[in-house]
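This report describes a single protein chain from its overall make-up down to individual residues. Please consult the sequence and the structure shown next while reading.

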Amino acid sequence: MSPRRPFVRVAGAMSIVILPLTGSPGPAFATPPPPNPSDGELAEGRTAVQTAAEQVGVLASRVAAAGAALDAAQLELATKYDNVTVAQRQQKVTRETADAAQAAAESARVEVEAVGAHIQRAQRQVDKFAAASYRQGSAIGSISAYLGAESPKDLLARAELLNAVGGAELDALDTMSRALVDKANLSSAARAAFAEARTRQQQAEEAEAAATAAYETAVAAEAAAQNRAAELLSDQDELEQQLADARRSLAGLQGQRNTFDNWEDAQQATRQAPSQPTQDGESAALTPSPATSGTGQGPGRALAPTTGTITSTYGPRWGSIHYGLDIANSIGTPIVSVLDGRVISSGPASGFGLWVRVRHDNGVVTVYGHINETLVTVGQRVDVGQRIATVGSRGQSTGPHLHFEVHKGGRKIDPLLWLRSNGVSI
Ligand SMILES: [Zn+2]
């Protein structure tokens, strides 16, 4: 091996395809290799992006939940505020009604008293007059009543009496008596109305107090929801900043790697190396089995399942193994079958949202997860390069990407390795 190990990607699992070349002496290269970040560094960068993205994703759902809670709290607050307004209006109306009923009852009472007093006075006069005329032993006409007056005061009293007890006045007395009864009835109705209005007013006051208490509770809940949402939003800003930093850093590393790969390709082209380096035990020790072309070049070279940016590769992630290759691209980007084969799954899948699986003629099964839509049906024959789905973000996904897996002999193997060993430059 040359001291700089220009072709060996340092992280074990990633040393592939061109590995056999490094063992051979090879021609001297005209230009020195550009810096090549190790697979470990790239994997670290991807893990950092993935970690940050997942944290942002997790927080985003909490932020969304807090936002929904805040909306609900504000709606509740608005409702409670309206309730208070209605209760206050109701309370005001009932108080005014009760006050008016009280005034009506009071005035009815005063009227009844006045009429009663007037009638009593008139009644007494009639009685007095009747008694006096009985004493004088005669039915007295108006004139004799005047003549019989003992003093000017008496005369005035008699005049008033005569005035009161003239035929028409006696009728009036009668009418007044009947009116008194009517008024008394009205007065008692007014008192009952007043009592009822007061009861309603009290009920309205109680309702208003309850509405006010509920409103105050809603105010406190809304303030708490505001605080919660504000806290989460500030956390989210921080995490998004971290994600942006991680992405920048990964892009830098990836750029270096791309430059290196281009340089490497150029070198390889000038060497006119055999088109398909054979896979052998050299790499098998490091990976489940990168020599997955299996039937060799019989069915032809594979194709990349889609285009885009690799955001995660096969390997440990978040305390478990990520068995796929994640290629990010916008929703709707075409996904093709990497080899000829037959569709064995097409539809919903736990975790992947929606997936397609294809069994290829060499026995390898490829999995296409988080897809937006499937374009094939189970049992359908597909050719290499045939569109089978589009990129989506369904299931447990942090953004639009294809999750691509390769299963061989019942084991999930490194898809990137497999693709590269099948002639896909990705
Ligand atoms: Zn994935």
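The protein chain holds 7 helices and 13 strands; helices (H or I, at least four residues) and strands (E, at least two) are DSSP runs, numbered from the N terminus. The model is predicted: local features need pLDDT of at least 70, side-chain atom pairs count only at pLDDT 80 or more, and totals for chains, interfaces and linings use all residues. Residues are numbered from 1 along each chain as its sequence is written.

**Confidence**

The average pLDDT (the predictor's confidence in each residue, from 0 to 100) is 78 for the protein chain, and 75% of the residues score at least 70. Residues 1-28 have a pLDDT below 50, and this stretch makes 47 contacts in the model beyond near neighbours in sequence. Two residues are in contact if their C-beta atoms, placed from the backbone, lie within 7 Å. Over residues 273-299 the pLDDT also stays under 50, with 51 contacts beyond four places in sequence. Where pLDDT is low, the predicted coordinates should not be read in detail.

**Burial and the helical part**

Of the 426 residues in the protein chain, 27% are buried. A residue is buried if 20 or more other C-beta atoms lie within 10 Å of its own, exposed if 12 or fewer, and partly exposed in between, with C-beta atoms placed from the backbone. Among contacts with a separation of 6 or more, 73% join residues 24 or more positions apart.

UniProt, in an unreviewed entry, places the feature "coiled-coil region" at residues 222-256; its positions are given in the numbering used here, feature names are shortened, and annotations may be inferred rather than shown by experiment. In the model, residues 222-256 are 100% helix and 0% strand, and the C-alpha atoms at the ends are 51 Å apart.

Helix α2 spans residues 39-135 and contains Ser 107. Ser 107 counts as exposed because 12 other C-beta atoms lie within 10 Å. From Ser 107 to Ala 190 the C-alpha distance is 9.4 Å, across 83 residues in sequence.

**Nonpolar cores**

A nonpolar core is a set of buried Ala, Val, Leu, Ile, Met, Phe, Trp, Tyr and Cys residues joined through C-beta atoms within 7 Å. The largest one has 31 residues, and those touching the most other members are Ile 335, Val 356, Tyr 368, Ile 371 and Ile 388. At least two residues each come from β4 (325-328), β5 (334-336), β7 (353-360), β8 (365-369), β11 (387-390), β12 (401-408) and α7 (415-421). Helix α7 supplies the largest share, 4 residues. Apart from this core lies another, of 8 residues, including Ala 98, Ala 105, Ala 190 and Ala 197.

In soluble globular proteins, nonpolar side chains tend to be buried together.

**Strand pairing**

Two strands pair if DSSP finds at least two bridges between them.

| Strands | Bridges | Facing residues |
|---|---|---|
| β6 and β7 | 8 bridges | Ala 349 and Gly 353 |
| β7 and β8 | 4 bridges | Arg 359 and Val 365 |
| β9 and β11 | 2 bridges | Glu 373 and Thr 390 |

Strands β6 and β7 form a hairpin with 3 residues between them, and Gly 351 in the turn has a positive phi of about 85°. The hairpin of β7 and β8 has 4 residues between the strands; here Gly 363 takes a positive phi near 90°. An open sheet of 3 strands has the order β5-β11-β9, with antiparallel pairing. Its edge strands, β5 and β9 (373-374), each pair on one side only.

His 370 sits in the loop between β8 and β9. Its phi is near 65°, a positive value in a residue other than glycine. Most residues other than glycine have a negative phi. His 370 is classed as buried because 27 other C-beta atoms lie within 10 Å.

Glu 405 belongs to strand β12 and is also buried, with 22 other C-beta atoms within 10 Å. Beyond four places in sequence, the contacts of Glu 405 are Tyr 323, Gly 324, Thr 366, Val 367, Lys 412 and Pro 415. The C-alpha atoms of Glu 405 and Tyr 314 are separated by 8.7 Å, although these residues are 91 residues apart along the chain.
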